[in-house]
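I opened my notebook to look through one structure slowly and to write down what I could look up in it. My entries follow the order in which I went.

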Amino acid sequence: MNEIKIEDKEKYLKEHYPFKPVPEVYDKKKCIHCDSVFYVGDYKVFTDELGEEYICCPNAPECDGTVIDWIAPKE
Ligand SMILES: [Zn+2]
(Lines give C-alpha, C1' and ligand atoms only; values in the text may rest on other atoms or scores of the structure.)
Protein backbone atom coordinates (compact mmCIF):
# COMPACT_ATOMS: atom_id res chain seq x y z
CA MET A 1 0.00 0.00 0.00
CA ASN A 2 1.34 3.40 -0.98
CA GLU A 3 0.19 6.61 0.60
CA ILE A 4 -0.96 9.31 -1.78
CA LYS A 5 -1.02 12.97 -0.91
CA ILE A 6 -4.43 14.64 -1.03
CA GLU A 7 -4.30 18.35 -1.79
CA ASP A 8 -7.94 19.15 -1.05
CA LYS A 9 -9.02 16.78 1.70
CA GLU A 10 -12.56 18.14 1.93
CA LYS A 11 -13.18 17.76 -1.81
CA TYR A 12 -11.65 14.27 -1.90
CA LEU A 13 -13.80 13.22 1.04
CA LYS A 14 -17.00 14.40 -0.66
CA GLU A 15 -16.10 12.51 -3.83
CA HIS A 16 -14.85 9.28 -2.26
CA TYR A 17 -16.51 8.81 1.10
CA PRO A 18 -18.53 5.57 0.74
CA PHE A 19 -21.43 6.43 3.02
CA LYS A 20 -24.05 9.12 3.47
CA PRO A 21 -23.98 11.61 4.97
CA VAL A 22 -20.39 12.58 4.27
CA PRO A 23 -18.84 13.88 7.50
CA GLU A 24 -17.16 17.27 7.71
CA VAL A 25 -13.38 17.39 8.04
CA TYR A 26 -13.79 18.81 11.54
CA ASP A 27 -16.08 15.98 12.70
CA LYS A 28 -14.60 13.44 15.08
CA LYS A 29 -14.61 9.71 14.47
CA LYS A 30 -13.27 6.76 16.35
CA CYS A 31 -11.30 3.97 14.72
CA ILE A 32 -12.35 0.60 16.12
CA HIS A 33 -9.03 -0.96 15.10
CA CYS A 34 -6.68 1.28 17.10
CA ASP A 35 -9.30 2.83 19.41
CA SER A 36 -8.18 6.39 18.69
CA VAL A 37 -10.43 9.40 18.24
CA PHE A 38 -9.42 11.77 15.47
CA TYR A 39 -10.65 14.51 13.19
CA VAL A 40 -12.00 13.16 9.92
CA GLY A 41 -9.77 15.60 8.03
CA ASP A 42 -6.70 13.79 9.37
CA TYR A 43 -7.47 10.72 7.24
CA LYS A 44 -4.83 9.25 4.96
CA VAL A 45 -5.30 7.72 1.53
CA PHE A 46 -3.50 4.61 0.39
CA THR A 47 -3.60 2.74 -2.90
CA ASP A 48 -3.28 -1.01 -3.31
CA GLU A 49 -1.48 -2.80 -6.13
CA LEU A 50 -4.52 -2.38 -8.40
CA GLY A 51 -4.58 1.37 -7.91
CA GLU A 52 -7.72 1.21 -5.82
CA GLU A 53 -7.81 4.11 -3.34
CA TYR A 54 -8.72 3.64 0.30
CA ILE A 55 -9.52 6.25 2.92
CA CYS A 56 -7.59 5.07 5.96
CA CYS A 57 -7.16 5.73 9.65
CA PRO A 58 -4.77 8.63 10.46
CA ASN A 59 -2.62 6.05 12.26
CA ALA A 60 -2.08 4.02 9.08
CA PRO A 61 0.03 2.16 8.16
CA GLU A 62 0.56 1.14 11.80
CA CYS A 63 -3.23 0.75 12.01
CA ASP A 64 -5.03 -1.17 9.26
CA GLY A 65 -8.37 0.52 9.89
CA THR A 66 -10.15 2.13 6.96
CA VAL A 67 -13.18 4.36 6.66
CA ILE A 68 -15.52 1.39 7.24
CA ASP A 69 -13.99 0.92 10.71
CA TRP A 70 -14.92 4.41 11.89
CA ILE A 71 -17.72 4.95 14.36
CA ALA A 72 -19.10 8.00 16.08
CA PRO A 73 -17.10 8.59 19.27
CA LYS A 74 -18.98 8.64 22.55
CA GLU A 75 -19.39 12.13 23.91
ZN1 LIG B 1 -6.94 3.12 13.44
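**Contacts and core**

I began with Tyr 43 and, leaving aside its neighbours within four places in sequence, found it in contact with Ile 6, Lys 9, Tyr 12, Leu 13, Ile 55, Cys 56, Pro 58 and Trp 70, where contact means heavy atoms within 4.5 Å. I noted that this is a predicted model, in which local features need pLDDT of at least 70 and side-chain atom pairs count only at pLDDT 80 or more, while totals for chains, interfaces and linings use all residues. I also noted that residues are numbered from 1 along each chain as its sequence is written, and that side-chain values use heavy atoms, with hydrogens and water left out.

Next I looked up the largest nonpolar core, which has 14 residues, and Tyr 43 is listed with Tyr 12, Leu 13, Cys 31, Ile 55 and Trp 70 as those with the most contacts inside it. Such a core is a set of buried Ala, Val, Leu, Ile, Met, Phe, Trp, Tyr and Cys residues joined through side-chain atoms within 4.5 Å; buried means under 20% relative accessible area, exposed over 50%, and partly exposed in between (1.4 Å probe, protein chains only).

**The zinc ion**

Which protein donors does the zinc ion have? I found Cys 31 (SG), Cys 34 (SG), Cys 57 (SG) and Cys 63 (SG), lying 2.2 to 2.3 Å from it; donors are N, O and S atoms within 2.8 Å of the metal (3.2 Å for Na, K and Ca), and water is not among the atoms, so sites may look incomplete. Along the chain these donors follow the spacing C-x2-C-x22-C-x5-C. Cys 31 lies in strand E2 (residues 28-31) and Cys 57 in the loop between strand E5 (53-56) and strand E6 (70-71), so this pair ties together parts that are 26 residues apart in sequence. Strands (E, at least two residues) and helices (H or I, at least four) are DSSP runs, numbered from the N terminus. I checked both Cys 31 and Cys 57 and found them buried.

**Strand E2**

E2 pairs with strand E3 (residues 37-39) in the antiparallel sense over three bridges, pairing being counted if DSSP finds at least two bridges between two strands. Opposite Lys 30 I found Val 37 in E3. E2 and E6 also run antiparallel, joined by two bridges, and the bridge partner of Cys 31 in E6 is Trp 70.
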